[in-house]
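Okay, thanks for making time, everyone.

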Amino acid sequence: MRVTQGTFSFLPDLTDDEITAQIRWALDHDWPCAVEFTDDPHPRNTYWDMWGMPMFDLADPAGVLAEINACRQAHPEHYVRVNAYDASLGRQTVALSFLVQRPAAEPGFRLDRTEGADRRIGYTVHPYATERPAGSRYGASGNGRAPH
């Protein structure tokens, strides 16, 4: 299953040249960038681990790409994304967010159904990855397949 979060997530993975072009576009609009990573891409998990600090004073896309590559090297089987912040309205707002790395195997999600009183039916999304401890959810330690 391919996780679709952020801008461009329905497209093929971006090349480094395409990533650099998007970073350049963000920096041209005075949107500083930050790099984040996680091994739990659940849609409600909005707080990923930040790689370093947001790059408020960086104007060169090559510097952001260097941080992306350092994060990729340190976390080769995690999701890595870039966020660009717009402070033009007096508050930090994510104006652009896109994935720049995915694990080799994305185990996916299942939909859990619960029935309540008065025929109420509730659904929750359960990521298969969270069945393993943080830090070992992807990679060589698992086959990447959903349980049966």
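Predicted model: local features only at pLDDT ≥ 70, side-chain atom pairs only at ≥ 80, totals over all residues.

I'll start with the overall layout, then go to one helix, the cores and a few aromatic rings.

What do we have in terms of helices and strands? There are two helices and six strands, and along the sequence they run α-β-β-α-β-β-β-β. The protein has 148 residues, and 39% of them count as buried. If you take contacts between residues at least 6 apart in sequence, 55% of those join residues at least 24 apart.

Okay, let's look at helix α2. It covers residues 61-74, so to speak 14 residues, and spans 20 Å from first C-alpha to last, close to the 20 Å expected at 1.5 Å a residue. Which residues of α2 are buried? Those are Pro61, Val64, Leu65, Ile68, Cys71 and Arg72. They cover an arc of only 120 degrees around the axis, so they sit on the same side of α2. And what do the buried residues of α2 pack against? They pack against α1, β1, β2, β3 and β4.

In soluble globular proteins, nonpolar side chains tend to be buried together. Here, the largest nonpolar core has 20 residues, and the ones touching the most other members are Ile19, Ile23, Cys33, Ile68, Phe98 and Val100. At least two residues of this core come from each of α1, β1, α2, β3 and β4.

Last stop, the aromatics. How many aromatic pairs does the structure hold? Three, and I'll show you two of them. Phe8 and Phe98 are edge-to-face, 5.6 Å centre to centre with 75 degrees between the planes. Phe8 is in the segment before α1 and Phe98 is in strand β4, so this pair ties together parts that are 90 residues apart in sequence. Phe8 is partly exposed, at 24% relative accessible area, whereas Phe98 is buried, at 2%.

The other pair is Phe37 with Trp51, again edge-to-face, at 6.3 Å and 70 degrees. Phe37 belongs to strand β1 and Trp51 to strand β2, 14 residues apart. Phe37 counts as buried, with 11% relative accessibility.

Definitions and conventions: Residues numbered from 1 in each chain as written. Heavy atoms only, no water. Helix = DSSP H or I, 4+ residues; strand = E, 2+ residues; numbered from the N terminus. Buried < 20%, exposed > 50% of the residue type's maximum accessible area, 1.4 Å probe, protein only. Contact = heavy atoms within 4.5 Å. Expected span 1.5 Å × (residues − 1). Arc of directions from axis to C-beta. Core = buried A, V, L, I, M, F, W, Y, C linked by side-chain atoms within 4.5 Å. Phe/Tyr/Trp six-rings, centres within 6.5 Å; stacked < 30°, edge-to-face > 60°.
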